[in-house]
Amino acid sequence: MLAIFLKTLPFFALIGVGYLAGRTRFFSEEATAYLTRFVFYFALSAMLFGFAANLDVAAIFDLRFVFAYLLGTSVVWLLVAAVALARRTSREEAVFEAHTGVIGNVGFLGIPMLVLLLGADAVGPVLLVLAVDLMVFSSILTMAVTGLRAGRISAQTVGILAVGLAKNPMIVSVVLGMIWGATGLALPGPVNEFMTLLGAAATPCALFAIGASLAGRSAERVEVAAWLSFAKLVLHPAAVTAGCWLFGVTGYPAGVMIAASALPVAGNVFILAQHYRVAPQRVSTAILLSTAASVLTVTAVIALISRGGYT
């Protein structure tokens, strides 16, 4: 476990550097916002396009994998929502707590870290996890909140959802990369070098941006946030492990899926909470707590799947 911890430490150290830069105001909130935009729209998109363009989609797509992840994630989503409703929170807050309990930082943290720790073959399974998060569970969140407010789900709701997915650079870059990869053509030399150069900025900038964004968060509703962090860091990977067992997903793909499900709460959940004005402080605290705790929990999960022969 110590060896794995030492491998994950540089990633979390970069987050720590970003946090210190934000905390000391050396890096302002405005600078953090622009750095995040650079990563989201440019560097990470270039990295994802490059990965997707070199994937054999037919070889990596596995319905059993998708169903295993869907089942495990859905179980935790429903559990967290039920606990929220039992506390007599509003239905909108219950939906957001459920979303917080299952959506991990796959894009900014998971892809660069898991590819380095588990090997280049981790790209395919991680992208499948990311696709399910974005296209299924983010869609459920949007439809649920919009439907609860309007009293029904209308064609306008579906239209808003479709436009949102079409504007998401992570989805667009992966889809375009897969389309290019399906042609069987290699990327032209200058284009490939451009994508490689731009994509190389994604990992350090994304980790720094995570830390800097955490610096502006204050801890409130700590008990609830701690429960949500526990759901994300412990219950989610446990449920996904059960899903893998039920659907017969074994070996390396199962290990990557479990590791991806153990990642801390994603920062974009807070952006959505702010947009809809539903429990943003609660979500923010969960992001802070889960990211801090994941230094140990992610290391432990990767150590466990390594011992179990998943890697």
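These legends describe close-up views of a predicted protein model.

**View 1. Confidence across the predicted model.** The mean pLDDT of the protein is 88, and 94% of the residues score at least 70. Among the elements, the highest mean pLDDT, 97, belongs to helix 4, which spans residues 63-86. The lowest mean, 68, belongs to helix 3, made of residues 57-60.

View 2. T73 is part of helix 4. Its relative accessibility is 0%, so T73 counts as buried; the cut-off for buried is under 20%. Leaving aside residues up to four places away in sequence, T73 is in contact with V102, F137, H236 and V240.

**View 3. A nonpolar patch on the surface.** The patch consists of V57, F61, L63, F67, L71, V75, W245, L246 and F247. Together these residues have about 880 Å² of accessible area. Two or more residues of the patch come from each of helix 4 and helix 12, the latter covering residues 222-247. Helix 4 gives the largest share, with 4 residues.

**View 4. L71, a member of the nonpolar patch.** L71 is found in helix 4 and is one of the residues that form the nonpolar patch. Because its relative accessibility is 33%, L71 counts as partly exposed; this class lies between the cut-offs of 20% and 50%. T73, also placed in helix 4, counts as buried at 0%.

Methods. Residues numbered from 1 in each chain as written. Predicted model: local features only at pLDDT ≥ 70, side-chain atom pairs only at ≥ 80, totals over all residues. Heavy atoms only, no water. pLDDT = per-residue confidence, 0-100. Buried < 20%, exposed > 50% of the residue type's maximum accessible area, 1.4 Å probe, protein only. Contact = heavy atoms within 4.5 Å. Patch = residues over 30% accessible without salt bridge, like charges linked within 9 Å, V, L, I, M, F, W, Y side chains within 5 Å. Areas by Shrake-Rupley, 256 points an atom, 1.4 Å probe, with all protein chains shown as cover. Salt bridge = Lys/Arg side-chain N within 4 Å of Asp/Glu carboxyl O.
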